[in-house]
Amino acid sequence: MQMTQPIVLSYIQAEPLLKAKQQGITFVEISPDLGLTKIIVPLTHEGIAFPNGEHLDWRSIEKISKSEVNCFILEDNTIRPIQVFSEYTNRVCSLMPTKGAPSMLIAGFVMHRIKDVDPMQDTLRKIAAISPIVGRVLDTATGLGYTAIEAAKTADEVVTIELDPGAQQIARLNPWSQALFHTPKIRQIMGDAYEVVQTFEDGNFSRIIHDPPTFSLAGELYSGVFYQQLFRVLKRGGRLYHYIGDPNSKASGGVTKGALKRLKEAGFTRVVRKPEAYGVVAYK
Ligand SMILES: C[S@@+](CC[C@H](N)C(=O)[O-])C[C@H]1O[C@@H](n2cnc3c(N)ncnc32)[C@H](O)[C@@H]1O
């Protein structure tokens with residue numbers, strides 16, 4: 001961990017601290033960045049002290065341990081949940097811990113899979129559905145940037161679009177999203193993908209990752225008009241991955257059927273269900 005970055009903790013880190021205190025242990029290993037790296041810190045009567053001078057008291061550790069839906073940032077020896085009310089969308093966005101990479105909650109909806117697979121495995125499945133990732137990539141919905149970061153490992157360039165400044169703020173504080181802000185190959189655009197995509201030239205992208213929020217939050221991103229735009233900006237021979245949701249759930253099953261139909265109507269020659277990636281792949 002770079003010590004210029006703030007310390008971010010969740011119940012996953014807090015619970016072992018409380019156990020160690022009970023057992024009278026004086027040094028513990030802890031991750032200051034939600035599991036990415038580990039350091040050893042001394043346990044004292046007051047709490048724990050981090051190498052960057054930040055101090056975390058036992059009351060705060062207990063508070064963190066009790067929340068399974070929030071991650072906390074430690075600044076000036078004080079914790080606060082990583083959560084913002086987005087005035088732009090009137091939605092609350094927050095960073096939600098898992099045993100692996102955190103997810104984001106927007107208006108109470110989780111933005112990644114967290115049951116059976118964690119957000120990083122979820123990301124790898126999305127990427128695998130349209131591998132190899134080559135050329136210019138369009139990522140229609142940045143979120144925490146996991147798909148953009150993963151795609152940038154092999155792509156020439158990744159253009160990624162985020163509507164909500166609140167979501168962007170959460171990504172900035174997420175240790176797992178830092179490459180989004182430091183990878184030169186990733187170009188971030190703040191705006192509505194529905195409008196921004198209209199401004200791109202025909203055949204501009206070799207791959208498109210379309211990972212929108214659930215249908216009820218962003219119906220226009222599942223519309224025939226939007227699919228026509230995605231078709232237009234995709235290169236001939238290109239591939240589109242479209243996240244839809246658990247194909248076995250009643251709601252997502254219905255959305256998948258409609259999406260398959262509209263994608264074909266938009267011009268995609270072949271549209272294939274990818275149940276392991278909770279979505280579909282469309283070929284041009
Ligand atoms: C499921 S998340 C994307 C997750 C992302 N692929 C990742 O790897 O972390 C959906 C994101 O789309 C954003 N969003 C919602 N409506 C949008 C729109 N019209 N245009 C662009 N982004 C939008 C949400 O704010 C949210 O951050």
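A cavity here is a set of grid points where a 1.4 Å probe fits but cannot get out. Keep in mind that this is a predicted model. By that rule, the count comes to one cavity of 30 Å³ or more, and the space in the largest cavity is about 30 Å³.

So what lines the largest cavity? The residues are Leu9, Gln13, Ala14, Leu17, Ile30, Leu56, Ile61 and Ile64. By class, that makes seven nonpolar, one polar and no charged residues. Helices α1 (11-22) and α2 (58-65) each put at least two residues into this lining, with α1 giving the most, at three residues.

Now for the ligand, which sits in the largest pocket. Its shell is made up of 25 residues, and the closest are His112, Glu162, Asp192, Ala193 and Asp211. Sorted by class, the shell has 13 nonpolar, seven polar and five charged residues. Three elements each supply at least two residues of that shell: β10 (103-106), α4 (146-151) and β13 (157-162).

| Residue | Protein atom | Ligand atom | Distance |
|---|---|---|---|
| Leu144 | backbone N or O | oxygen | 2.9 Å |
| Gly145 | polar backbone atom | oxygen | 3.4 Å |
| Asp192 | side-chain N or O | nitrogen | 2.8 Å |

How much of the ligand's accessible area does the protein cover? On its own the ligand has 610 Å² of accessible area, and the protein covers 98% of that. Asp192 is worth a look in the viewer: this residue is among the closest to the ligand, and its side chain makes the 2.8 Å contact with a ligand nitrogen.

Conventions:
Residues numbered from 1 in each chain as written. Predicted model: local features only at pLDDT ≥ 70, side-chain atom pairs only at ≥ 80, totals over all residues. Heavy atoms only, no water. Near = heavy atom within 4 Å. Polar contact = N/O pair within 3.5 Å; in protein donor to acceptor, adjacent residues only side chain to side chain. Areas by Shrake-Rupley, 256 points an atom, 1.4 Å probe, with all protein chains shown as cover. 1 Å grid on protein atoms, 1.4 Å probe; cavity = no way out; pocket = protein on both sides within 12 Å on 5 of 7 lines; lining within 4 Å. Sits in = over half its atoms within 2 Å of the grid points. Helix = DSSP H or I, 4+ residues; strand = E, 2+ residues; numbered from the N terminus. Nonpolar A, V, L, I, M, F, W, Y, C, P; charged D, E, K, R; others polar. Points joined across faces, edges and corners; volume = space filled by probe spheres on them.
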